[in-house]
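Please open the model in your viewer and keep the selection tool at hand. The stops below say what to select next and what is found there.

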Amino acid sequence: MNRRAGLLFTACAAYAVLTCTAAQAIGLRIPKALAAPHVDGTLRDPEWTRGTRVTLDYNLRTHTAAPEATTAYVMSDDSFVYVAFEANQRAPIRVSQYTNNVGCCVDDSVQIDLWPNGPSGFRYLFIATPIGTRYQYSSENNVYEPDWSAVGKLVPGGYVVTMKIPLAVMHGTGSGAWRVQFARVVQATNDDIVWSYGPPQQNHNDVNYAAPAQGLPLLAAHRPKPRAGVYTLGQAGSSFAGGVKARGGADISFPVLPGTSLVAAIHPDFSDVEVDQQSIAPTAFVRQVNEVRPFFTQGANFYNTTPYCPQCPGSQLYTPGIPTPQNGFALEGQRGLFSYAAFDALGTDRDDTAQVLNYTSPNQENRLTAQRGSTSMPNLNDVTLGASYTHDNLKNFAQWIRYGTDSGTNVLAGDRAQRYEAGASAYTPTSALSVTLRKIGAYYNPVDGYVNNPDIAGYDVAANKTWRLSGTSSFKEFDLSGNLDRYHGYRDGLSQSDQYLLAQATTKNNWSIAASTGSSYLRLNDGVFSPVTGSQGVAVYYNYGAATQSFVQFETGRFGPGRLNSWTRVAALRLGARGTLGLDLDNTQQGTLSTTYSQWLERVSFNLQSGPDESFGVGVRRIIGTPPMLDTVPQFQNGSNIAISYHRKMSAGELYAVYGDAAAFSTVPAFLVKFIRYVGGQKGT
């Protein structure tokens, strides 16, 4: 091809892309169904042909035309949105999850995103796998689990999924008109296929590339119902675990305005928390855990909303640091261009509060947030204020600034209790380069926040690049990422130094190998500038990204006064169609001039997805040995834990039967049965 022909071809291709993008943005008219179509995993019902037909033509992974055909049909009536997907697929279809809301995003899937109130409103996402296993998400509430229907069936050359989504489980706020997006994920090839798109797009959930939708009814006719989850619980256990007792409580939500609700947790109980987050991975910082308690998770999307924070050294609000409250009250909502939330967690001699106000401009390019948090206890008070501003042109460049200040009992010097950050990021769909300037005072350390290393001032540079391959190559992706930072303390000179480089290659048959090199140094409490991480590492993964992912990882390098070798060995094996056996064997070994410190983590788990709304799990774990030494002599640890759980969700309630607590270091010898009855609105709505 000569130069002139090449330029002509490029111009025509660009025109085609721009024309197609513009056509996608015109919008979608959704017709009204004359009768409800059959939701049976087939398209045999002729009513489906009345739906508007859309094709998913664009692959976000490669930013080229979709490699295989996907067709969606959509229609609605006064109560439901009906969606059908017909997906052709040559690659192996991945189906491993059989229980709804367990193991999201590891199987092939199709989904519809809905913004009933326009770009600034709540987002509702409904996902189904090729066999009809369901997942859903709402930006309003992280525990969003309403009843809706999906049926999927494998057919020669692909699969078909049909959905029935109630309008009543979504909230209207009057912010704007409907937007919609259709998407499909193919796990074997990492293909991310969408209907409405634009060249800079990176995420199929990005409202900026969703298209307007006409024909769907306004949600004002579906005003949210007050809801309550009333629980009763009976426990039998040793005196150490609380003995024999019964108790009750409720989680309540009451709508006060369209899109705004009052939330209350009366005598909250978190006995259904069965997440084992125990780890022996060496760290010089206080270990972070994920929040799983419903009172805090349901409003988590409103807080800590700064969109950019490369290598962020903590957050202003860290609710796992708040003990389980006796009662909790919250206000959460969205109206126009603003979202807002507040909570008050009342405990024994302790009161924790937070408030936040977020603004997003109509074109989604500007975001402003202001947040406050406080803790009040006998002999201790703490108040944290923070604000941030972000501008993103949604194409290739973003900038941000953030400010925070802390005051209270623990702040001994007010001029050293601030947090300043400013940065910029240049990005493409396959690369990014971010530079951040950061200063955190020694006394900026919120009681309800998390700052892994205060008293730092310096810079951070982070970069990543992805090469996505197609065609006959044995590999489907190469990834390269790196980070460099230098921070100084108030008086002690260099206080933190990090640098690393990570390279990873993933094959088309789901093997992946990663190699890293680098080092981290931190000034410890004794004033010594010490190495605090392994310098070199390698990891090999099998079934990368699947529910049965297995891997072996080895890291070595200086840690404190000696060399530390760390092994992580994780295996997941399918037992039958619905059972998974998990094995985890990790160990650390640090050699110093005087002794050797060794520690082991041994974990075995079995999970059975016995039905769409039913699951059973048992886990056994032991941690034994002495962790690595930094600036103090570590203590020998020996803890064993066994936990058994059964969960079943019903049309208007949930049942839990649990022995022990998977999150505890050692077994909690107690057996409990808990039943939750939902009254009024559905869970999380």
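Select Q504 and then A514, which stand opposite each other, A514 being in strand β31. The strands to colour here are β30 (residues 494–507) and β31 (residues 511–523), which pair in the antiparallel sense over 11 bridges; strands are DSSP runs of E with at least two residues, numbered from the N terminus, and two strands pair if DSSP finds at least two bridges between them. This is a predicted model, in which local features need pLDDT of at least 70, side-chain atom pairs count only at pLDDT 80 or more, and totals for chains, interfaces and linings use all residues. Residues are numbered from 1 along each chain as its sequence is written, and side-chain values use heavy atoms, with hydrogens and water left out.

Stay with this pair and move to the turn, where the hairpin of β30 and β31 has three residues between the strands and N510 takes a positive phi near 70°. Now return to A514, whose bridge partner in β33 is A539; strand β33 covers residues 536–542, and seven bridges join β31 to β33 in an antiparallel run. Strand β31 also pairs with β32 (residues 529–531), in the antiparallel sense and over three bridges, and here Y521 stands opposite P531 of β32. The hairpin of β31 and β32 has five residues between its strands, and G527 in the turn shows a positive phi of about 90°.

Next, select the strands of an open sheet. In which order do its five strands lie? The order is β2-β5-β6-β11-β10, with antiparallel pairing. Strands β2 (52–55) and β10 (149–155) stand at the edges with a single partner strand each, so one side of each is left without a neighbour in the sheet. From one strand to the next the twist averages 15°, where the axes are lines fitted to C-alpha atoms and angles run from 0 to 180 degrees between N-to-C directions.

Within this sheet, colour β6 (residues 80–88) and β11 (residues 158–166), which run antiparallel and are joined by nine bridges; E86 stands opposite V160 of β11. Strand β11 is also joined to β10, by seven bridges and again antiparallel, and V151 has T162 in β11 as its bridge partner. Between β10 and β11 the hairpin has two residues, and G157 in the turn has a positive phi of about 85°.

Then show side chains and select F126, M163 and F343, which are among the residues that touch the most other members in the largest nonpolar core, a set of 52 residues. Such a core consists of buried Ala, Val, Leu, Ile, Met, Phe, Trp, Tyr and Cys residues joined through side-chain atoms within 4.5 Å, and buried means under 20% relative accessible area, exposed over 50%, and partly exposed in between, with a 1.4 Å probe and protein chains only. Leaving out residues up to four places away in sequence, F126 touches a list of residues including I112, Y135, W148, M163 and M170. Apart from this core lies another, of seven residues, among them Y231, L233, Y656 and Y678.

Two loop residues come next. Q364 lies in the loop between β21 (350–360) and β22 (366–377), and has a positive phi of about 70° although it is not a glycine. Is Q364 buried or exposed? With a relative accessible area of 5%, Q364 is buried. H63, in the loop between β3 (58–59) and β4 (64–65), is likewise not a glycine and has a positive phi of about 55°.

Now go to E614 in strand β38 (residues 614–625), which counts as buried at 17% relative accessibility. Beyond its neighbours within four places in sequence, E614 is in contact, meaning heavy atoms within 4.5 Å, with T99, L608, Q609, Y646, H647 and R648. By contrast, select G576, in the loop between β35 (562–575) and β36 (579–591), which counts as exposed at 53% relative accessibility.

Finally, colour the chain by pLDDT, the predictor's confidence in each residue, from 0 to 100. The protein chain averages 88, and 94% of the residues score at least 70. Over residues 1–25 pLDDT stays under 50, and for these the model has 13 contacts beyond four places in sequence.

Notes:
Helices (H or I, at least four residues) and strands (E, at least two) are DSSP runs, numbered from the N terminus.
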